[in-house]
Each structure stands twice: as C-alpha cells, then as structure tokens.
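User: Can you walk me through this one? I'd like to go over the ligand sites and a couple of residues.

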Amino acid sequence: MENGAAKPVIVAIDGPSGTGKSSTSKAVAAQLGLSYLDTGAQYRAITWWMVANGIDIEDPTAIAAVAGKPEIVSGTEPGNPTITVDGTDVSGPIRTQEVTSKVSAVSAVPDVRARITELQRTLATSAEAGIVVEGRDIGTTVLPDADLKIFLTASPEARAARRSGELKGADVNATRDALVKRDAADSSRKTSPLAKADDAVEVDTTELTLQQVIECVVTLVEEKRAGK
Ligand SMILES: Nc1ncnc2c1ncn2[C@@H]1O[C@H](COP(=O)(O)OP(=O)(O)OP(=O)(O)O)[C@@H](O)[C@H]1O
Ligand SMILES: Nc1ccn([C@H]2C[C@H](O)[C@@H](COP(=O)(O)O)O2)c(=O)n1
C-alpha cells in the first residue's frame, strides 16, 4: 500500500460445532492484532430475542416477520467479545440449553440470515487491521473473497469429550448426539448451509491440542500475508 500500512487481512474460519473455531479464532486474532467476530453468537442472540418475545420457533413465517426488529451489536475485541440485543448484554443467556436447541431452526430462516449476513459484512469491512470471522458459512457466503479460509473438523467423539469437559460431567453420549443433530440441521438447510468452501484449508483437530491448532492457523495467516 502507498503509505506502507499492511493491507487488512480477512480470515474466515468455519466448521461444525465443537471443532475449536471460537477458541482458535480468538487466540489467532489476539496474537496477530486483528478483530474477532463470533457469528454463532449473533444467531444465538436473535434466537434469544425470539424466545424472549414469545415467537413460535416452529413457524418460519412468524420468525421472518420480526427478523428485522432486534438491534444486535457485536463487540469485536478478541479479549472481550461482547454481544447485546437492544442494549442488553446477552452473552450469558445465549449459551443456555434452550437457545442452543432452537438456534438451528431460527438461523435456517432466509430473512434472519440476510439480516445477520449484512451485519457481518459491515463489521468485516470496517476492521482496520483485519478480522477473524468464525461460523458456518463465512467462506462460502458471507466473505467469499476472504484472504484465507480455514475449515476445522474433529471427530464427534473428540468434540463431545471437549464439550462434556466444559459442561462439567455432562453425559458424553448425549452431548455427542446433540452435536451431531445440530450439525445435520445446519448442514441440510437450504439457505447457506454449513459447508467447506472449495478453496478452504481443512484442518482436522481431532489429534491436535488447541495450541497446535492456533500455531497452524497463525502460520497460514503469516504465509498468506507474505504472499507465499
Ligand atoms: N484442539 C483442541 N483440543 C482440546 N480441546 C479443544 C481443542 N479446541 C478446542 N477445544 C475445547 O473445546 C471446546 C469447544 O471449543 P470452541 O468453543 O472453540 O468450539 P467451536 O467450534 O467454536 O464450537 P461452537 O461452534 O459450538 O461454538 C472448548 O472447551 C475448547 O477449549
Ligand atoms: N455463520 C453461522 C454461524 C452460526 N450459525 C448457527 C448454526 C449454529 O448451530 C448456531 C450456533 O453457533 P455456535 O455458537 O455453536 O457457533 O448458529 C449459522 O447458521 N451460521
């Protein structure tokens, strides 16, 4: 660039749930001085609002009719990624079992996706140094021109073990079944399903520590920036 400033780098990280997208993306963004966006938190936030306002989650028409109502604001600081709905901090409530069980239905509604995708593109293009955006359809739909696309995978067993550890004593088989069910719903919806972009680098994290995954992604970003 003319003034010598580095061009903002846009990194898209997609994959099924529990593959390490959030942990990896936050750490990579912090290490490289980039912004960070958790797009799952945005879909959880709109789901939380639908539940709080008594919208029938089984009725896509009812969801679509009010999809533009809540104001969702995401903070993109990797050390403190905030999320508010109409000014209320919902970072805790969006992680409840109720929201987790309903988010796939809400996020499958095309009007919801159009609304949230617009927010995501605005945040990504305004990040000065660049941004790491994680989700399900970032490389395929939201940011198809991202500089680097990563698709994280891991076996259902590894992902369930990670989540059960987090949920302190949760039954591993039940956790595995819930993960697999949510992935199937997210992969089979018509609009912008969970999918690997053709030009994404796939990283299987099953046998890797979180630190190894972070180092792998940092190296890929640095190589991309160096034009390798
Ligand atoms: N490579 C790894 N080895 C062991 N544990 C890991 C690894 N990567 C992530 N974890 C742990 O697995 C759990 C899930 O990780 P994380 O929330 O980053 O996944 P995710 O892909 O963002 O999931 P979701 O899509 O459901 O939000 C966390 O407790 C995290 O610390
Ligand atoms: N780009 C995205 C991100 C998330 N979703 C939906 C599907 C997920 O099951 C849900 C919650 O995401 P998580 O917090 O587990 O990462 O949100 C999506 O459709 N598109």
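**Contacts and ligand sites**

Analyst: Leaving aside neighbours within four places in sequence, T175 is in contact with A160, R163, S164 and A170. Keep in mind that this is a predicted model.

User: Where does T175 lie?

Analyst: T175 is part of helix α8, which covers residues 172-188.

User: Is T175 buried or exposed?

Analyst: T175 has a relative accessible area of 10%, so it is buried. The cut-off for buried is under 20%.

User: Moving to ligand 1. How many residues surround it, and which are the closest?

Analyst: Ligand 1 has 17 residues around it, and K21, S22, S23, R163 and E166 are the closest. R163 is also one of the residues in contact with T175.

User: Which backbone atoms come up there, and at what distances from ligand 1?

Analyst: For G18, a backbone N or O atom is 2.9 Å from an oxygen atom of ligand 1. For S22, a backbone N or O atom is 2.8 Å from an oxygen atom of the ligand. L208 has a backbone N or O atom 2.9 Å from a nitrogen atom of ligand 1.

User: What share of the accessible area of ligand 1 does the protein cover?

Analyst: On its own, ligand 1 has 640 Å² of accessible area, and the protein covers 81% of that. Two or more residues of the shell come from each of α1 (21-32), α7 (156-166) and α9 (210-225).

User: And by class, what is in the shell around ligand 1?

Analyst: The shell around ligand 1 has 4 nonpolar, 7 polar and 6 charged residues.

User: Now ligand 2. Which residues come nearest?

Analyst: There are 16 residues around ligand 2, and R44, R113, D137, D186 and R189 come nearest.

User: What are the side-chain distances to ligand 2 for R44, R113 and D186?

Analyst: An N or O atom in the R44 side chain is 2.7 Å from an oxygen atom of ligand 2. For the side chain of R113, the N or O atom is 2.8 Å from an oxygen atom of ligand 2. D186 has a polar side-chain atom 2.7 Å from an oxygen atom of ligand 2.

User: Why does S74 count as buried?

Analyst: S74 is at 12% relative accessibility, and buried means under 20%.

User: Last one, the overall fold. How many helices and strands?

Analyst: The protein has 9 helices and 8 strands. Its radius of gyration is 17 Å, close to the 17 Å that the globule rule gives for 228 residues, so the protein is as compact as a globular protein of that length. Buried residues make up 45% of the 228 residues.

Key: Residues numbered from 1 in each chain as written. Chains lettered and ligands numbered in written order. Predicted model: local features only at pLDDT ≥ 70, side-chain atom pairs only at ≥ 80, totals over all residues. Heavy atoms only, no water. Near = heavy atom within 4 Å. Polar contact = N/O pair within 3.5 Å; in protein donor to acceptor, adjacent residues only side chain to side chain. Areas by Shrake-Rupley, 256 points an atom, 1.4 Å probe, with all protein chains shown as cover. Helix = DSSP H or I, 4+ residues; strand = E, 2+ residues; numbered from the N terminus. Nonpolar A, V, L, I, M, F, W, Y, C, P; charged D, E, K, R; others polar. Buried < 20%, exposed > 50% of the residue type's maximum accessible area, 1.4 Å probe, protein only. Contact = heavy atoms within 4.5 Å. Rg over C-alpha atoms; globule rule 2.2 N^0.38 Å.
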